[in-house]
Every structure is written in C-alpha cells, then in structure tokens.
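Thank you all for coming. Please have a look at the structure on the screen, and I will then walk you through a few parts of it.

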Amino acid sequence: MNLDRNSALIQVEEVYKRFPLPEGKGEFTVLSNISLEVRAGEVVALLGRSGSGKSTLLRIMAGLIPPSQGQVLSNGKPLRGANPDVAMVFQSFALLPWLTVQENVELGLQARGIPKKERRQRALKAIDLVGLDGFESAYPKELSGGMKQRVGFARAFVLEPKVLFMDEPFSALDVLTAENLRGEIDDLWNAGSFPSQSILIVTHNIEEAVFLADRVVILGSNPGRIRGEVKIDLPRPHDRLDPRFKSLVDYIYTIMTNPEIEVTTEMAVQPPVKEQVSSPYAYPLPYARVGGISGLLELIVEQPEGQVDIAELAERLRLSVDDLLPILDAAVLLGFAEVLQGEVHLTEIGRDFATTTILRSKDLFRQQLLERVPVFKSILQTLEEKRSHSMRGEFFLDLWDEHFPHAEAERQFATAIDWGRYAELFEYDALEERLYLAETTPEPVGVGQTPRE
Amino acid sequence: MQTYPSPEALRRLPAGVADVAVVFGTLVLLAAVAQVGEGAFARFQPPAVVPEIDLDPRNLPYYAARSTLRMFIALGFSTLFTLIYGYIAAKSRWAERILIPLLDILQSVPVLGFLSITVTGFIALFPGSLLGLEAASIFAIFTSQVWNMTFSFYQSLRTLPQELLEATTLYRLSGWQRFTQLEVPSAMVGLLWNAMMSFGGGWFFVAASEAISVLNQDYTLPGLGSYVEAAIRAEDLAKLGWALLTMAVVILLVDQLFWRPLIAWSDKFRLEQSAGANAPESWLYDLLTTARIPRLIGDWLSPIGELGDRILSQLSQPRLGSAADPRQQQRQERLFTQVLLVLIGAIFVWIAHFIGTTVGFAEVLLTLGLGLLTLGRVVLLLVLATVIWTPIGVAIGFNPQLARLLQPVVQFLAAFPANFIFPFATLFFIRTHISIEWGSILLMALGAQWYILFNSIAGAQSIPTDLREMAADVGLKGWQRWRQLIIPGIFSAWVTGGVTASGGAWNASIVAEIVTWGSTTLTATGLGTYIAEATAVGDWPRITLGIGMMSLFVVGLNRLFWQRLYQLAEDKYHL
Ligand SMILES: Nc1ncnc2c1ncn2[C@@H]1O[C@H](COP(=O)(O)OP(=O)(O)OP(=O)(O)O)[C@@H](O)[C@H]1O
Ligand SMILES: [Mg+2]
C-alpha cells in the first residue's frame, strides 16, 4: 500500500454537469469546472450543502452518469461506463431484500463470473470483517439499520476495490449506531487492514468529515464548484477532544455559513464562478419556514450575549447541518442575524423580531422582505398591476422554472408563499392555486395575537 | 387467517412425511395433466365432427380439468408475453412510445368481440383439427389476462429504486443477471397479485369461449363452459347446479394449491425493508419448505443453473455507457412522433374507407346510438352498484374482524364467472316477464359489482382510525359523516373499482344483452347485441365497426371521465 502512495487513482478534470430544464427551457448547471484527485492511501471527504451536487459528482466518478464536459481518469485512463476500480456504499443500503446476507455480498463476485466455491469463501471473509458472522443466511428484513449497512460495507469490501465510495453512509442510521459503525470503519482503516486503498466519502456532517478524512474538499452551491480543501493534519485516529479538532470543525462551519469566504489551503483555490444574475427569481430562497426562523432567533436571544457557536447549536438541537443551515441562511438574508467565525449573533432588528409581539414581528418581517428580497417586490408588483389583484400561482412557478429544476422551483414557490403569507403581503388559495393581494388593512388575526404590552 | 394444518404442526411433522406427501402430490398432478392433456391435444377431429358434451355429472371433473388446463396454458403465455413486452417497453424509449399507448387501447378492446376473428384465424392455422378451437379459446383467455399483468410489470420496471439500479450497474451485473436478480424479483409481488386477479376474471372467458357460434357454425370444446351451454339447451336446472358447484370447487382448489403458495412465497420479494406484520400463509407452501426433496433437487440442479447463468451473462454483457447528444436526441424524437402521427392517421383513413365502402356511414350512426344505449346501462349499473354496495363495503371495512372474514369471500365471488349464473337469471326474467332491456343491467352487474364492493372495503380499511375517532369526537353523523370523512377517504379506491367494473361491464354486454334459455332467446337493444349478432353470422365489416365503436366508448370514457377522477383523487383526496 505504501508503494503507490500519492499516485492518483482517480482524477477529475474540469468536469461540468448540466441537466436539461423541463420543457426545453435550457439547462441547469449542477457542477461547474470541477477538478479533483483521489490518491492512494488517503481518505477524502466531499462536504457541501444539500443540492451542491456531491452525489452527482460521486456518480460521475463512479461512471454511473457521464459528465457533460470534461473527463474522469481512472488509473490514468479515461473512464467509460461503470468504474471497475470502485465499489460504493449507499445511503439507503441498496440491498436486494430477496437475497440473503451471503447472496447480497456475493452479488458483485457472481457478476465477475467467479466460481461458487471461491465466492463463498471470499464472502464469508468479508462478512466476518464487518462483524456479521452468524447472519449469513438472514434476510435484510430481519436486520437492524446498522446491520444492513454492515452488509453494504461487506458487499463493497468483498470486491477489494481500489477506491471505496460512500454516499452519506451513516445518515440513515440513528445517532448511536452511526457513531459506532463510523468508529469501526475508522479502526479498520487505521489498522491498515482496510480492503481498499482509498476512501471517498460524501457527507454533510462536518464532524464526520473531520473525524474520518485526511482531506476535506468543500463544495459550494449554485452551481456546485470546489471552494477549496482543508487538510486535517491530525494524527490518526483523529481525537475529538484535541483542541485542533474543534478549531478545524469551527473553521469549516464558518466556511460553510459564509459563501463569500475564501478557503485557505496549500492548494490553489479556484475563484468562485459568479453567474450574472438579472431576474429576482434567480436568487435562491433558503428553504426555511417562518416558524423555524423565529424559533431559532428566540433560542439565540436567550443565550448570554445573544450569540452561540453553530457547531454547538447543531449538536444541541440534534439538527443536521443540512436542516440548520437553510434556517440560518434565511435569518442572515433577512438581516436578523450575522455569522462570524462559527458564531451566530443577532442584529438589532433580529433581537426586536425575536422578542416583540406577533403583530409587530409580522411588520418587521414584511419590512425586511421588501427591503432585502427582491422577488417579493416583484410578486407584489405583478399582483398590483392586475385589475383583479390576483394571479395564478403557476405564473410565478414558471418564472422560477426558468432558473431551477422543477422540484427546486416548487420549493422556491412554497417558501415564497410561506413567507409572503406570514408577512401578509399576499394570500394564497391552495385549491384555486391563485395568489391574491392582501387587503391593505390586514384583518385582526385571531385569538392570542393581540398585543400584550 | 387460519390455515390447516398450522405451520407449527407442519414443522413438527418429520421431514420424511412431508417428503412423501410432496412426492405423492407431484405424481398425482403429473398423471392428471397427462390424462387431461391427451384429450386436449391427441384427439384431433375435423370440425364437422363436433364433440358431444355428455351431461352426466360424473364427467364434470374431466370437463373442469380441461377448462383449468386451458386457463393455465393461457397463464403461461401471458407470463411469457408480459416479461418480453414489458421489458422491451421499459427499456427502449422508442418502443415505449408505441407499446404503451397500444397496450392502453388493447386493454379497452372488448375481448369477446375478438373471438370471431381469432377462431377463424386459428382454425385456418390448424386445418381439420380441434387444436385451432383450443388455441382460440386459450387466446381469448390470454387476452383477458395479459394486459393487466404487462402493465404491472412495466410499471415495476419503471419504478425500480434508483440506488438499487446504481448498485447493479456498478457491480457490473450482466443484463441477464439484472433481469433475474433485480427486475423480475422486484416486480414479483405486483405481478402475482395482478395475475391472480386476472386469472379470476379469466373463468368468465373460458365459459364464453368454449361454446360459440361463429360464421353460422357452432363450435364446442369439451369443458365446463360448454357443459353449461349444453345444460341450457337441455333446460336442465339440476345439471346447471352441478356445474356451478364444480366451478366453485375448482376456484377454491386453484386458490389453495396454486395462488396461496405462490403469494406466500412471493412475500420475500417485498421491497419494503422491514418485516411485514401479517405475512400471507399457505399450508402447501409450508409443506414444500418443510420437505427435503425440493431442496435436494434444487441443490442438485444448481450447477446447471450456474452454467446457464454464466452463458446467458456472457451473451448480455453490460454495455459501456455512451453519452448521446441531447439535442440530436430531441430532434430524433420529434421526427419519430411525426412518423407515428402519420401512421395513426393512415390507419384511421383506412378504417374509415373500409367502413364507408362496406356498410356505409349511416351504420356508424346506428352503432353510435346503440353504444349510447349500452353506455346508459353501464352508467346505471355503476350508480346502482355504488348505492347498494358502498355502504355495505364501508361497514365491512370499518370492522376489521368482519373484513378479514369476508374479503376472501368477495374475492371468490369476483372470480366466479358470472355467465354461469346467467341461465338462472334468464329463467327468472322469462318467468317474471322482466324486459331484458332492463334485465341485462342486472346480468352485467353480476360480474362487475364485486369490484366496487371489494374496493369499498379496501378504501374503508385505509381510513386511519384516528380520523374516524376524530369524526366521532366532533359529532359527525349521517350524511355529514359520509361527506366529510367516508367519501373523501374511499374515493381513490372507489375510482379503481369503478374503472375495473366499467371495463368488465362493457365486455359483459356482449354476452349479457343477448341470452338464451332452451329455445327462447332474449335480445336487448345495444352495442353488445350488435357485436354478438354480427359475430354469429360472420359479418366482418359489422364486427369491425362494432368492436371499434365499443373500444372508442371505453377509451373515451377512460380519458374523459376516469382519468380526471384519478387526478382528482391524487390531488385532493390523497390520504
Ligand atoms: N437526473 C437529474 N436530473 C435533473 N436534475 C438533477 C438530477 N440529478 C440531480 N439533479 C439536481 O442536481 C442538484 C444536485 O443534486 P445532488 O443529489 O448531487 O446533490 P447533493 O449535494 O448530493 O445533495 P444531498 O445532500 O441532498 O444529497 C440538485 O439540485 C438536483 O435537483
Ligand atoms: Mg446526495
């Protein structure tokens, strides 16, 4: 294993991936100018927010989908079709429920035409390695989530791939099981008995990335691009109690919450590709509900000094970064909060919003929306221009459709409706699928919502 | 549901006894098939010598076996067709665009109208032998079963979980391995369920296709259906009763010996990753898994299987992916659509020309009117069946114990061929002087109504208990309770039942609008009668026109009515 250390096993060269938008409305760029290398003997983590294209990149490197532009080299040769040097562990395990543990593990060997006897032996060895002996003839249904994922690992191990790919392998497990399995995989790796030369793991869990990886590659969103990488220069196994561990986690949190920050590493960082955005519908709204935003702000305001460490916050709320970050983003977008060095603190308005009555917080919300999120002004304008002061929801959905894939456009639409309703800018009739301009004097909003001061 | 003997008892049974039972059972089955099959295939006779049906009830087991064999041969062909057609439609984007709409149309064509066409075709294919008739009957059963199964298989292939697909691609499974390890297993549960339901529907067509008169000639195949036909001609109620009893026994036997074990076996193909609460059980399946012989034979055959797998895998190596230019693809697709449209247009022109030159367009208007009459019957039937059976179904569905008890009964009733009951109803109409114009609605309902009942039960069961408790809590009663809770809750299940019932009713109209008892024939005005009469005299243009018109009604109804209801059910009443 030491012999070919540092030689590149997989190289990604200036890869782009675009998906066609529905109804031939052009294309949606998911990955932009990605260059990346996986070398022998290292663990690389791909870290990025939901939708940044991590899974897409992983699948391109595995040869499951072709890039739109650029190429992937495997062992120095351009990749065509499924990558033979790669085995993958899936988030949802991807086991065939009608095969026993043994048969599932043998699947890849069978496809390679390996005779039955040898298949059996090798599978038993892999099953042993993941600690599942005794379960060879069990069916996946009979296993717990953690054990299912162990089968997933055994199925990949048995092929002795050069690189082991994992797409969020622990995120479908409960916290303790995930912790346990993660630790075991790390032990295997550190003991030098790991059946593959390198690991590439996709995750949105920052701690997990720092714990497992030698190198954390950070992907930015819209379009997915490499923002840079962070070397985890800790002795293996990475000790969570090491102060350096904590500072690395904090540092990465800061990067993840500030799209503008430049990632400093020894590697040259590619400048982020800034798209020329003209339409207000092209700025993505973070997918967060108003209830979530005000809940978060209320939590922070109760902290001494009105600020809190993001990593701690995520830990305390048992929220994955993916669930927490959009809420934070929304708070920042609306000018309620600011993020500095891994700490969130509230602005004046944010503090006001979190502590005042519901009517006034609606006013504040409306004011911030109109001031800071151009799309609401645009929607309002459209509604005002119509004599009926109403418009089909589909009209707006179409506008988003021009900039996002349909599923994302629908999320944008849903978010805008949620915010706009709360701010009493407009109303939405879900049955008729129509937006109505709110009456200029908003009606009293029911019980418990009159000012108490 | 309780099975006897219980699985525990069987497990306690020494494997040796189970083995003896399995060997004995297999031998009996083989002997029976050989005996019956000889009659079906060896006794070739020119069609002029029509085989006599002996009304002695002791012959009934033999006739029943002949009919059952036909059913199973049709099922075999249906399965084969399903695997091939569904696979091609799911794999090729080009083929999909032709095959799926075609399937949609084929599904709507009244199968019984086909009979005349196929009988003549098959008789020409096997001149001077009964095999042609045999094939025509099997073909009629086949066409009644196959479309459902194919749709189910195609749908399963199209909805395979993404990660499973990726796993099999990455692990380089050959096309054959993918097919046997992933695609067929994941489709198995749906496929078997559909096969079982279609098989039940198939008895209707056995009965209808064994004794027919086509092109002024009476054809008879030995079987349960022709026995009933002969009993009707002889006006012999007792014999009819015996036939009814035999039919019931056969349905029960096939269920216990064939479908139950298969369904129990297929439970392992469920895609849900957690263990199901109530796995289906079958005493025969337990017996087979207890015995050692099946396993020994399996082990013994496994090298052969291995070799076969290797050879077929060699032949179906995974192809290297090549990215096609999406723009060029779009252009090709547009061209393809245009060619298709031209072709469809040409077919329409040809049909119009054929009709115009033979029967004339006045006849088209006539069939349209007749179609409207039959449509009226179908609608009335649906309304009546809904008004009568939905409350009963809901009452059953809300009572879990009752539901568990009655659901197999309803399933049995749905499988029981309604045309076995027709003679009794006909006699009743004759005695009470009820006009067949109205009576035919009852005849059509005899088969179709069960789908409404069946789905009402299922729909009511799907309403969550806490919703029902909430309704009781806020004091919803009577009509309010129906409007707010029950109708929305069972709506999508009712739509499913309604589509099936309406399709079944159209098909049944061909045999329900014109019925006989002895020498008396009752004839209702409608499209079904039109087709049946055209078939009897072999009037090709009228047969074509009648079938075409009926297909048009069914397709139109599906498009304009049922599909919208489906949409509504999806959008609004999704639980
Ligand atoms: N086949 C496809 N067609 C169209 N758009 C796609 C396709 N696959 C992915 N996308 C889009 O590409 C973007 C990135 O998806 P991807 O699954 O790679 O993200 P991810 O970083 O893995 O996110 P997550 O953390 O949620 O798994 C998403 O916006 C998604 O909608
Ligand atoms: Mg992903």
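Before I come to the two chains, let me say what I mean by buried area, which is the accessible area, taken with a 1.4 Å probe, that two parts lose on being put together, summed over both. Please also keep in mind that this is a predicted model.

With that term in hand, we can start at the interface, where the area buried between chain A and chain B is about 3100 Å², and where carbon and sulfur atoms give 55% of that area. In terms of residues, 39 from chain A are in contact with 33 from chain B. If you look at the chain A side, the residues that lose the most area to chain B are A:Arg80, A:Trp98 and A:Lys141, and together these account for 24% of what that side buries.

Which residues surround A:Phe153, once we leave aside its neighbours within four places in sequence? Its contacts are then A:Val89, A:Val130, A:Leu164, A:Met166, A:Pro169, A:Phe170, A:Leu181 and A:Ile185.

Next, a pair of helices in chain B. Helix α19, residues 478-512, packs against helix α21, residues 540-571, at an angle of about 175 degrees and with the axes 10 Å apart. Since angles over 145 degrees count as roughly antiparallel, that is how we describe α19(B) relative to α21(B). Among the residues that make the contact are B:Trp494, B:Val495 and B:Trp506 on α19(B), and B:Phe553, B:Leu557 and B:Trp562 on α21(B). The residues of this contact divide into 15 nonpolar and six polar, with no charged ones.

Staying in chain B, why do we call helix α9, residues 224-233, largely enclosed by the rest of the structure? The reason is that eight of its ten residues are buried, including B:Leu224, B:Tyr227, B:Val228 and B:Ile232. After α9(B) comes B:Glu235, which has a positive phi, near 50 degrees.

I would like to finish with some backbone details in chain A. A cis peptide bond, with omega about -10 degrees, joins A:Asn222 and A:Pro223, and A:Pro223 sits in the loop between β9, residues 215-220, and β10, residues 225-231. A cis bond also runs from A:Arg236 to A:Pro237, with omega near -10 degrees, and here the proline, A:Pro237, is in the loop between β10 and α7, residues 243-257.

There are also residues other than glycine with a positive phi. One of them is A:Glu168, with phi near 45 degrees, in the loop between β7, residues 163-167, and α5, residues 175-190. Is A:Glu168 buried or exposed? Its relative accessibility is 10%, and the cut-off for buried is under 20%, so A:Glu168 counts as buried. A:His389, for its part, has phi near 55 degrees and is found in the loop between α13, residues 374-385, and β14, residues 390-392; at 35% relative accessibility, A:His389 counts as partly exposed.

Terms used: Residues are numbered from 1 along each chain as its sequence is written. Chains are lettered from A and ligands numbered from 1 in the order in which they are written. This is a predicted model: local features need pLDDT of at least 70, side-chain atom pairs count only at pLDDT 80 or more; totals for chains, interfaces and linings use all residues. Side-chain values use heavy atoms; hydrogens and water are left out. Contact means heavy atoms within 4.5 Å. Axes are lines fitted to C-alpha atoms, for helices over the stretch in contact, and angles run from 0 to 180 degrees between N-to-C directions. Helices (H or I, at least four residues) and strands (E, at least two) are DSSP runs, numbered from the N terminus. Angles under 35 degrees count as roughly parallel, over 145 as roughly antiparallel, 65 to 115 as roughly perpendicular and the rest as oblique. Ala, Val, Leu, Ile, Met, Phe, Trp, Tyr, Cys and Pro count as nonpolar, Asp, Glu, Lys and Arg as charged, and the others, Gly among them, as polar. Buried means under 20% relative accessible area, exposed over 50%, partly exposed in between (1.4 Å probe, protein chains only).
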